[in-house]
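Subject: Structure handover: ligand site, cavities and pockets

Hello,

Please find the structure below. My notes on the ligand site, the cavities and the pockets follow it.

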Amino acid sequence: MATTLITGGTVVSATGRSAADVLIDGETIAAVLQPGSELLGTDVAASVDRVIDATGKYVIPGGIDAHTHMELPFGGTAAIDTFETGTRAAAWGGTTSIIDFAVQRYGERVQDGLAAWHAKAAGNCAIDYGFHQIIGGVDEDALAAMPGLIDEGITSFKLFMAYPGVFYSDDAQVLRAMQVSRETGLLTMMHAENGPVIDVLAAQLVAEGKTDPYFHGIARAWQMEEEATHRAIMIANLTGAPLYVVHVSAKQAVEQLAAARDKGQNVFGETCPQYLYLSLEEQLGATSDEWGRFEGAKWVCSTPLRSRAEGHQDHMWQALRTNDLQMVSTDHCPFCMKDQKELGLGDFRAIPNGIGSIEHRMDLMYQGVVTGKITLERWVELTSTTPARMFGLYGRKGVIQPGADGDVVIYDPNGHTSIGLGKTHHMNMDHSAWEGFEIDGHVDTVLSRGKVIVDGGEYLGAKGDGRFLKRGLSQYLT
Ligand code: DUC
Ligand code: ZN
Ligand code: ZN
């Protein structure tokens, strides 16, 4: 297979940066070399098949988006990105691995849910992919099946304290599943919002005629995220299960996680770009000729956007810097306005929940470097290295070192990216939740296991390039 040398760049890891050349042999990183090194007495550049000049650019491990929902049936429709379109968009944005969520519901076998997700993804992905398992119906069969997931390379599962009647688990079910988590090393991922209370609040708002998308965020009050986060932490504490709380958006939920971590509990939190940049106030003000005040539906997701005046966004950035939060994923769950979001015209409860961001995560997080909120190294750590360590991929993914997969992004700090002005993105939606965002920085070249799949504005990959990732246990287990 071909050898590739990436020369002249600054290789950035979670722990530092240095001028270095990266030699990739076939699919694997063979060496990280002093610039201009010789191998066996010959100039490396003269003996490889391809040289990529990364002068003036950052050379980083490919992004890992550990929270995506391709083709998820949800809210009376299904997420509009297929594994093909969504992973291709990911590649454009410098993400070279995803971890999506296979789904099991009440009355369904866990094994069947997993097999269905394998069938959707196999042969279709542009980049490597793994799965977490949603356990949407915690019953005796599901509990018995969970330990077997580890042999399948599925080492984490998600529970929902929200969405009664859909994916919801009550506290007793959460307890039972966390006991399995403690016994097996499966990592418990939690959607922490008090669904039963939220559903009553939402019904009351609609009864008062408050039906606009903005009221989605009012119904999903931060108190009910804080409360559920605390409850999840306490049940995890009781059982000894490791806990990873997904899509944290309320500063009070972060405070719960930080307090538990300070006491030594093995809990972690992820946030998403939408909770760093977008706010309830903007959603309230959103209006367009086409959709009027329903325009705000493009930002309906759960957990919801939070009030900027209350300081949630600032607190998320701070928590990323101080490690009270450890990761940034997208919760990529895209729906078009036409035929999908518009299901909720006149009743925000019927708007399918989700935002599409998979293409923009690396860029949006790089803005945190530009504005001084996080360091370059922390950018790599939050978007690649910690996801690899958290979800059993480290060594293969999340780092540029000999033996790792040749998943490498060449990022130009002097480049520029205009997001979503017209159809400038590659996701399957008919709009962008990020319309108007201007990024100082640009994903120039993307390699997936040694193959150049994006280069200079051209897509060179193919459907089926991506392989299933059998994951090991989290490195963060105690
Ligand atoms: N939140 C979303 O916004 N979409 C999918 C599921 C979820 O929990
Ligand atoms: Zn969720
Ligand atoms: Zn999700």
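A cavity here is a set of points, on a 1 Å grid over the protein atoms alone, where a 1.4 Å probe fits but cannot get out; lining residues have an atom within 4 Å of a point. Grid points are joined across faces, edges and corners, and a volume is the space filled by probe spheres set on the points.

Two notes on conventions. This is a predicted model, in which local features need pLDDT of at least 70 and side-chain atom pairs count only at pLDDT 80 or more, while totals for chains, interfaces and linings use all residues. Residues are numbered from 1 along each chain as its sequence is written, chains are lettered from A and ligands numbered from 1 in the order in which they are written, and side-chain values use heavy atoms, with hydrogens and water left out.

Ligand site

Ligand 1 sits in the largest cavity, meaning that more than half of its atoms lie within 2 Å of the grid points. Of the 17 residues lining this cavity, His69, Phe74, Tyr163, Ser302 and Asp331 lie nearest its centre. The residues around ligand 1 include Phe74, Lys158, Tyr163, His191, Cys301, Ser302, Asp331 and Asn353, counting a residue if one of its heavy atoms lies within 4 Å. By class, this shell has 5 nonpolar, 5 polar and 2 charged residues. Ala, Val, Leu, Ile, Met, Phe, Trp, Tyr, Cys and Pro count as nonpolar, Asp, Glu, Lys and Arg as charged, and the others, Gly among them, as polar.

- an oxygen atom of ligand 1 to a side-chain N or O atom of His191, 3.0 Å;
- a nitrogen atom of ligand 1 to a polar backbone atom of Ser302, 2.6 Å;
- a nitrogen atom of ligand 1 to a backbone N or O atom of Asn353, 2.9 Å.

Taken alone, ligand 1 exposes 240 Å², and the protein buries 99% of that (Shrake-Rupley method, 1.4 Å probe).

Two backbone features

Most residues other than glycine have a negative phi, and most peptide bonds are trans. Tyr163, however, has a positive phi, near 60 degrees. The peptide bond between Ser302 and Thr303 is cis, with omega about 0 degrees. Tyr163 is in the loop between strand E15 (156-160) and helix H5 (171-184), and Thr303 is in the loop between helix H11 (280-285) and helix H12 (312-322). Helices (H or I, at least four residues) and strands (E, at least two) are DSSP runs, numbered from the N terminus.

Other spaces

The whole structure has 2 cavities of 30 Å³ or more.

A pocket is an open set of points with protein on both sides within 12 Å along at least five of seven lines. The largest pocket has a volume of about 350 Å³. Tyr163 and Asn353 are among the residues nearest its centre, as are Asp199, Arg220 and Arg349. Its lining has 11 nonpolar, 3 polar and 3 charged residues, and helix H6 (195-207) gives the largest share, 3 residues.

The second largest pocket has a volume of about 260 Å³. Glu359, Thr417, Thr424, His426 and His442 are the closest to its centre among its 19 lining residues. This lining divides into 4 nonpolar, 12 polar and 3 charged residues.

Regards

Key: A polar contact is a pair of N or O atoms within 3.5 Å; within protein, one must be able to donate a hydrogen and the other to accept it, and residues adjacent in sequence count only if both atoms are side-chain atoms.
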